[in-house]
Amino acid sequence: MHRGWHGGAGRGGRGPGRGGWQQADLPDAGDAGAWLQGRLPDGWFAGVPEVTVDREEIVVVGELPPVDGTFDDTEAGRADRAAAVAGRISRFREQTREERIEIARQAEHRYGRKVAWGARIGEDVELFTVASVPVMTRLRQPERVVLDTLVDSGVARSRSDALAWAVRLVGEHADEWLGELRDAMARVDELRAKGPTGDE
């Protein structure tokens with residue numbers, strides 16, 4: 001089952017890109033996690049959902065109850081458990097579809113971002129329809145060589161796929177550092193808000 005990378009940020013609605021010029025024209029989404037926690041129906045998730053925010057999207061991932069039954073630690077048992085998990089997540093997705101659409105519509109109006117959903121059971125995470133946003137960048141030859149090596153070796157299908165793979169890898173292995181960086185960015189936001197306005 002697909003395991004989505006959440007980057008470790010955005011819990012409680014604070015996500016990357018916050019505080020810079022890039023979000024000057026977007027509504028503040030700092031309270032998105034709290035708003036969604038209050039808006040979601042009771043009983044949907046076991047505990048508070050994980051909410052990750054960036055400039056384009058709000059992703060909500062909630063924990064579902066574990067599947068019933070005992071599964072042997074064999075290939076067949078693991079396959080049965082994976083099928084049970086997939087079935088449980090599929091049931092949640094279908095049963096909550098209409099209400100999720102309405103909640104997403106309200107959140108999109110409030111925060112100016114698309115809303116995507118996902119569900120987790122233990123270590124298994126399935127993300128529903130999430131946005132794939134093009135990001136333009138310029139790379140020098142040594143950087144292009146890295147991407148081409150990933151493509152030529154079959155790790156990635158294209159330069160675009162290789163770049164996305166590299167970003168995921170950084171996110172998985174630099175999670176603690178990225179978290180500290182986002183905390184520092186949030187502190188800058190707070191200091192900027194407390195600074196002199198020039199009014200007399």
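Is Asp 124 buried or exposed, and what is its relative accessible area? In this predicted model, Asp 124 is buried, with a relative accessible area of 12%. The cut-off for buried is under 20%. The side chain of Asp 124 meets that of Arg 81 in a salt bridge, at 2.7 Å from N to O. Arg 81 belongs to helix H2 (residues 75-95) and Asp 124 to strand E4 (residues 124-127), so the pair ties together parts that are 43 residues apart in sequence. Arg 81 is partly exposed, at 30%.

The structure holds eleven salt bridges. One of them joins Glu 102 and Arg 105, with the closest N and O atoms 2.6 Å apart. Both residues lie in helix H3 (residues 97-111), where three residues, or about one helical turn, separate them. Glu 102 is partly exposed at 29% relative accessibility. Arg 105 is also partly exposed, at 48%. Glu 108 pairs with Lys 114 in a salt bridge, the closest N and O atoms being 3.9 Å apart. Here Glu 108 is partly exposed, at 25%, whereas Lys 114 is exposed, at 53%.

Salt bridges also link Glu 50, Glu 63 and Arg 120 in a network. Glu 50 is part of strand E1 (residues 50-53), which is covered on both faces. Glu 50 and Thr 52 are buried on one side, Val 51 and Val 53 on the other. E1 runs antiparallel to strand E2 (residues 57-63), and four bridges join the two. Val 53 stands opposite Ile 58 in E2. A hairpin of three residues connects E1 to E2.

Helix H4 (residues 141-152) has twelve residues. Its span from first to last C-alpha is 16 Å, close to the 16 Å expected. Gly 154 follows H4 and has a positive phi, near 90°.

How values were computed. Residues are numbered from 1 along each chain as its sequence is written. This is a predicted model: local features need pLDDT of at least 70, side-chain atom pairs count only at pLDDT 80 or more; totals for chains, interfaces and linings use all residues. Side-chain values use heavy atoms; hydrogens and water are left out. The expected span of a helix is 1.5 Å times one less than its number of residues. Buried means under 20% relative accessible area, exposed over 50%, partly exposed in between (1.4 Å probe, protein chains only). Two strands pair if DSSP finds at least two bridges between them. A salt bridge is a side-chain nitrogen of Lys or Arg within 4 Å of a carboxyl oxygen of Asp or Glu.
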